[in-house]
Amino acid sequence: MLIKDFANQRSVICVPKSKVYVTRELPERGLKIIKKHFDAEVWPEYAPPPKKVIIEKVKNVDALASLLSDIIDAEVFNAAPKLKIVAQMAVGYDNINVQEATKRGIYVTNTPEVLTDTTADFAWCLLMAVARRIVEADKYVRTGQWKVGWLPSMLQGRDVYGATIGIVGAGRIGFAVAKRATGFNMKILFYDVVPRPEMEKELGAKRVDLDTLFRESDFVSIHVPLMKETHHLVNAEKLRLMKKTAYLINNSRGPVVDEKALHQALKEGRLTGAGLDVFEQEPTPVDNPLLKLDNVVVAPHISSASYETRSKMAEMVAENLVAFFEGKKPPNLVNPEVMKVRPLSKQF
Ligand code: GLV
């Protein structure tokens with residue numbers, strides 16, 4: 001675009017900024033960078049934009065900054081002739097059809113590593129809370145049920161220290177959860193489709209098959225991505241293998257666990273409790289029968305929700321976008337094969 005620079009009496013070339021649609025108000029640290037480098041529009045509401053809004057907004061943008069609650073599929077890509085990159089603020093990206101993106105030369109990025117420890121801490125929050133009945137105890141005190149001073153049988157839970165924890169999916173987050181278990185003198189079992197020698201060497205964990213893990217663990221903690229292969233990985237059959245005294249913890253993705261089967265198992269006393277930060281449908285309906293059970297501790301998908309981590313995640317979204325438009329490989333590219341379809345080139 002040719003612009004007249006009146007002060008210096010000359011015409012200058014001015015490259016318009018690339019357009020980004022941001023599907024939610026991101027933490028300031030990331031949004032500031034995005035607004036500085038791009039012509040950014042941000043969906044202003046608390047609830048996610050309806051799909052038809054996303055489809056309308058992508059018509060004219062070069063980039064999309066998405067969250068895991070946005071469905072970014074072929075229908076969205078078909079409406080977005082200029083779209084070159086989707087930068088997601090999450091480590092998981094099962095909401096994005098990466099294969100369809102790659103076919104169209106659209107780069108997809110995520111935000112790994114910065115959230116590993118925060119997410120691992122939260123798996124432990126759920127584990128400790130359900131094993132030691134923290135939520136029930138809190139309610140007990142607040143609702144005036146605490147009528148006798150001290151009672152041997154009051155709100156007994158299960159010991160965490162010295163118990164056996166089974167980690168399903170021993171990637172970065174699984175490893176961090178297992179590392180914390182060493183501080184509780186726990187026996188650590190793990191299952192993964194790849195060997196993960198660091199689990200054995202650094203943490204003294206033992207790799208076992210999935211059935212053995214479910215059979216022998218006192219706490220089963222799930223840390224796999226959602227894929228075709230992991231959908232309902234925790235089903236009625238696996239739950240049947242668990243000890244009656246065991247607990248299930250899930251802060252990966254809801255559909256990895258068959259909620260109906262879990263509810264049935266808990267109702268029949270075939271396991272002692274569960275800690276869930278994720279659900280098959282999010283937000284989970286308030287009439288989800290799991291919410292009626294006192295031995296289930298729940299949270300609204302907040303495992304990475306610390307101020308520090310969410311800020312870092314937003315910053316990573318911005319860094320991925322800036323790198324791409326500067327013609328560099330985005331640091332957290334999940335579909336590197338896309339570079340053959342659309343080779344990198346400077347766009348600023
Ligand atoms: C949260 O669930 C994430 O994938 O970052």
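Select His 301 and the ligand first: an N or O atom in the His 301 side chain sits 2.7 Å from a ligand oxygen. That is a polar contact, meaning a pair of N or O atoms within 3.5 Å (inside the protein, one must be able to donate a hydrogen and the other to accept it, and sequence neighbours count only if both atoms are side-chain atoms). Then show the backbone of Val 91, which puts an N or O atom 2.8 Å from a ligand oxygen. On its own the ligand has 190 Å² of accessible area, and the protein covers 87% of that (Shrake-Rupley, 1.4 Å probe).

A word on the ground rules: this is a predicted model, with local features needing pLDDT of at least 70 and side-chain atom pairs pLDDT 80 or more, while totals for chains, interfaces and linings use all residues. Numbering starts from 1 along each chain as its sequence is written, and side-chain values use heavy atoms, leaving out hydrogens and water.

Next, select 28-37 and 307-325, helices α1 and α12, whose axes come within 6 Å and cross at roughly 20 degrees. Helices are DSSP runs of H or I, at least four residues, and strands are E runs of at least two; axes are lines fitted to C-alpha atoms over the stretch in contact, with angles from 0 to 180 degrees between N-to-C directions. So α1 is roughly parallel to α12 (under 35 degrees).

Jump to 116-131 and 172-182: α5 and α7 pack at about 55 degrees, axes 8 Å apart.

Two backbone stops remain. Glu 282 and Pro 283 are joined by a cis peptide bond, omega about -5 degrees, and Pro 283 is in the loop between β13 and β14. Finally, Leu 155 has a positive phi near 50 degrees, in the loop between α6 and β8.

Conventions. Angles under 35 degrees count as roughly parallel, over 145 as roughly antiparallel, 65 to 115 as roughly perpendicular and the rest as oblique.
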